[in-house]
Amino acid sequence: MICHVRSLGLSGISGYEVLVECYITNGLPAFEIVGLPDAAVKEARERVRAAVKNSGFKFPVSRITCNLAPAGTKKSGTVYDLPILLGILAATGLCKLPKERSAFLGELSLEGYVRPLPGVLPMALAAKEQGIEALYVPAENAPEATLAQGLRVYPVRDVAQLVAHLRGEAPIEPQTPWEPKEKQKSILDYCDVKGQENAKRALEVAAAGSHNILLVGPPGSGKSMLSKRLPSILPDMTREESLEATKIRSVLGLLPSDDPLVRERPFRAPHHTISTAGLAGGGSNPKPGEVSLAHKGVLFLDELPEFRKETLEVLRQPLEDGVVTISRVNGAVSYPSDLMLVCAMNPCKCGWYGDPSGRCTCSKASVDAYLSRISGPLLDRIDMIVEVAAVDFENLRRRTPAEPSEEIKKRVDKARARQIARFGESTTQCNARMTPAQMRTICTLDENCTQLMKEAFDALRLTARSYDRILRVARTIADLDGSEEIEMQHLAEAIRYRTFQLGDQ
């Protein structure tokens, strides 16, 4: 007898439909799983056999063949345990499959319990697209699956409960759609930062246009403190952005069951010892890296020159394209990486190069060697380079709080709203992602601005990419100022964010 059970699989952060075909026939007892299964899928044979017996059912002493279609796509993970078991039970007449279009997901324990899985949200979204009406998932994953909306999600605790439901003996109540709770206000606020008005202004501009920024200054000047408070002034996430960020964490199994939706912009700060695969993603079964976990948020690289040079170089393509592609023998997967890169570094190994106190003990050759760890092409992809000077005593002793993040965020929100209205139906949502065609109409310069830009281009020996990035930053400054056109003061400030040269203080 043959039985078909719908399930789902993962490719990158996208789901696709998998049909589990179970065929039971006479012959020497055997249990085979075909359809390019990996080791975890093949091991489902033992989990399914034990789960069937420990749930009070008889495992058929027959020849069992389970095919996972499409057979030409590699299958991985433990997601197919439950549909394989269900196919065997249905083929032997121990239960009936639902009449409505249904799909089943779940890893089995040897006792017959259904364990949670990574990647349930992208598979639930794929099920909705495929017209599936009911989705049976592990109970812990049920709140996450309801984020797909438009599906009846059934939380399954164990095999016995599912079989009783399918027989009509004890129906399972569909999961109530998850509703977000009130968010707690961030405790990191710019009112705690004393002085550094220039750096705060630069970060406000960066937040308004989602521009990449590099902070350079001596130890203790507040570079990390400023950077860690950046999420407090970023625009709120839309539902589409939240779902994209949530799908990435779902694939990695990082979602808490009680709060499965990412509602705050991610802030990722990996240590400088991170590997290339850890930053960009990879592995034999590719997984997202830090650049993808920072999607729609901030990737903060502290002590930038301490990262391995080959690790930093993998950022070049994701920063330019907003996506990272990982190729393996079995195929290629793409993960989104639309992020805002924020970096911090000392000007030299000891950290005091160029300081008026004269404390620096580094030679010119040592400084050059330290800064050479950051390649020109990577620096060219950073929109703003800002000097963060040491805080003086008068600013430190000041008791009056600085401007809070809430006030800065209001200005950022207004500027971002202008950008969204300007781009209309386009996929572009911020100035940093403007296409060349959009720049030709949005970033026009009058005669005086054109002359200033020409002088800066020649004096700073800018590249074409740097030229475009200055125009994008100038457009953001104009948006913060509420101006329809880029004016001289907007362009001058944008150029100033490119005049700081590493090693030339």
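Me: What do the buried residues of α14 pack against?

Reply: They pack against β17 (340-345). Contact means heavy atoms within 4.5 Å. Buried means under 20% relative accessible area; over 50% is exposed, and anything in between is partly exposed (1.4 Å probe, protein chains only). Helices (H or I, at least four residues) and strands (E, at least two) are DSSP runs, numbered from the N terminus. One caution first: this is a predicted model, where local features need pLDDT of at least 70 and side-chain atom pairs count only at pLDDT 80 or more, while totals for chains, interfaces and linings use all residues. Residues are numbered from 1 along each chain as its sequence is written, and side-chain values use heavy atoms, with hydrogens and water left out.

Me: Which are the buried residues of helix α14?

Reply: In α14 (residues 364-371) they are Val367, Tyr370 and Leu371. They share one side of the helix, because their arc around the axis is only 90°. That arc is taken from the directions from the helix axis to the C-beta atoms. The general idea: an α-helix has 3.6 residues a turn, so residues three or four places apart point the same way.

Me: What is the order of the strands in the open sheet?

Reply: Start with pairing. Two strands pair if DSSP finds at least two bridges between them. Here five strands form an open sheet, ordered β11-β14-β17-β10-β18, and the pairing is parallel. The edge strands are β11 (267-268) and β18 (384-387); each has a single partner strand, so one side of each lacks a neighbour in the sheet.

Me: How many bridges join β10 to β18?

Reply: Four, between parallel strands, with β10 covering residues 213-216. Val216 faces Glu387 of β18 as its opposite residue.

Me: Which residues of the largest nonpolar core touch the most other members?

Reply: A nonpolar core is a set of buried Ala, Val, Leu, Ile, Met, Phe, Trp, Tyr and Cys residues joined through side-chain atoms within 4.5 Å. The largest one holds 65 residues, and Phe31, Val48, Ile84, Ile88 and Leu135 touch the most other members. Helix α3 (residues 81-91) contributes the most, with eight residues. Take Ile84: beyond four places in sequence, its contacts are Val20, Cys22, Phe31, Ile33, Ala44, Val48 and Cys66. A second core is separate; its 46 residues include Leu203, Ala344, Ala415 and Ala494.

Me: Is Glu241 buried or exposed?

Reply: Buried, because its relative accessible area is 13%. Glu241 sits in helix α9 (residues 239-251). Its side chain reaches the backbone nitrogen of Thr238 at 3.1 Å. A polar contact is a pair of N or O atoms within 3.5 Å; within protein, one must be able to donate a hydrogen and the other to accept it, and residues adjacent in sequence count only if both atoms are side-chain atoms. Leaving out residues up to four places away in sequence, Glu241 touches Asp236, Arg265 and Lys296.

Me: How many helices and strands does the protein have?

Reply: There are 21 helices and 18 strands. Of the 505 residues, 52% are buried. The C-alpha trace spans about 85 × 45 × 45 Å along its principal axes.
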